[in-house]
Amino acid sequence: MYNIGLLIYNGNAGSVDTAQVGTVLGILSAELPELIVRRTSKPGEAKKICREYGEKVDVVYILGGDGTVHECMNGLADLEHPPVIGVLPGGTCNDFSRALGMPQQLSRAAEVLNERNTRTIDIGTANGHFFTNFYGIGLISETSQNINSDIKGAFGKIGYFLSTLQTVRTAEQFSFELEHDE
C-alpha cells in the first residue's frame, strides 16, 4: 500500500485542464492517505520537484506528455530509493504511456494506476541524461527542438509534421557512434 504520493502535472502540456486534474485527483486520492499536488509551468521544474520529493513519497504520478515524463525520470532515476512511477497521458502524443499500454482516456488511466499492477522497465542513459522508450538524434531531435509551441498548442500532432517539413530543408548529414554495455 502506498501511504504518500506526489501528482506532478504540466500545466502547459497537451490538453490537460483543471477539470481533468480534479477528476484524476478524485480517483487517485481515493487510494492514498496523502497526495501532494505540484503543477509545473516552466522547463526544468518537474526534475527539480522530483528530486525534492522523490525519496519522501511512495509513488509519483506524472500527468503530462513525453517531455514531462523525461524531466521526471531525470529527477528520479538516480535516487538511492526511487518511488514507484505512474504515467498519466496528458501531452500531445503520449508515446511513452502508449508504449506502456496505458489507456489514453485520463480517468481510465488513473483507475488502472490504482490497480497497482507494477512492472519494471529498463531505462537508458546518454550524455548524462536518462531516457525511457526513445532516444532521438538528427532530424527527429531537431524537429522536436524546432517546433513552434503556439502551432503545437493549436494543431497538436500536426505541429510535429509542420516542424518536420520546415526542419528537413536545413538537415545536414552527421555521424555518430553507439556504445552499449555488452
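## Salt bridges

A salt bridge is a side-chain nitrogen of Lys or Arg within 4 Å of a carboxyl oxygen of Asp or Glu. Side chains of opposite charge can pair when their charged atoms come close. The model is a predicted one: local features need pLDDT of at least 70, side-chain atom pairs count only at pLDDT 80 or more, and totals for chains, interfaces and linings use all residues. Residues are numbered from 1 along each chain as its sequence is written, and side-chain values use heavy atoms, with hydrogens and water left out.

A search of the whole structure gives 3 salt bridges. In one of them, arginine 51 pairs with aspartate 78, with 2.8 Å between the closest N and O atoms. This pair links distant parts of the chain, 27 residues apart: arginine 51 is in helix α2 (residues 45-53), and aspartate 78 is in the loop between α3 and β4. Helices (H or I, at least four residues) and strands (E, at least two) are DSSP runs, numbered from the N terminus.

Arginine 108 forms a salt bridge with glutamate 111, at 3.4 Å from N to O. Both residues lie in helix α5, 3 residues apart, which is about one turn of the helix. Arginine 108 also forms a salt bridge with glutamate 115, at 3.7 Å from N to O. Through shared partners, the salt bridges join Arg108, Glu111 and Glu115 into one network.

How exposed are these side chains? Buried means under 20% relative accessible area, exposed over 50%, and partly exposed in between (1.4 Å probe, protein chains only). Arginine 108 has a relative accessible area of 32%, so it is partly exposed. Glutamate 111, at 36%, is partly exposed, and glutamate 115, at 42%, is partly exposed. In the other pair, arginine 51 is partly exposed at 38%, and aspartate 78 is partly exposed at 45%.

## Overall layout

The protein has 8 helices and 6 strands. Along the sequence they follow the pattern β-α-β-α-β-α-β-α-α-β-β-α-α-α. Of its 182 residues, 38% count as buried.

## The second largest pocket

On a 1 Å grid over the protein atoms alone, a cavity is a set of points where a 1.4 Å probe fits but cannot get out, and a pocket is an open set with protein on both sides within 12 Å along at least five of seven lines; lining residues have an atom within 4 Å of a point. Grid points are joined across faces, edges and corners, and a volume is the space filled by probe spheres set on the points.

The second largest pocket has a volume of about 660 Å³. Its lining has 26 residues, and Val84, Ile85, Gly86, Thr118 and Arg119 lie nearest its centre. The elements that give two or more residues to this lining are β3 (59-64), α3 (66-76), β4 (84-89) and α5 (106-114). Strand β4 gives the largest share, 4 residues.

## A nonpolar patch

Patches are made of residues with over 30% relative accessible area and no salt bridge: like charges are joined within 9 Å, nonpolar side chains (Val, Leu, Ile, Met, Phe, Trp, Tyr) within 5 Å. Phe174, Phe176 and Leu178 form a nonpolar patch on the surface, with about 390 Å² of accessible area together. Accessible areas come from the Shrake-Rupley method with a 1.4 Å probe; for residues, only the protein chains shown count as cover. Phenylalanine 174 is in the segment after α8 (158-168), and counts as partly exposed at 45% relative accessibility.
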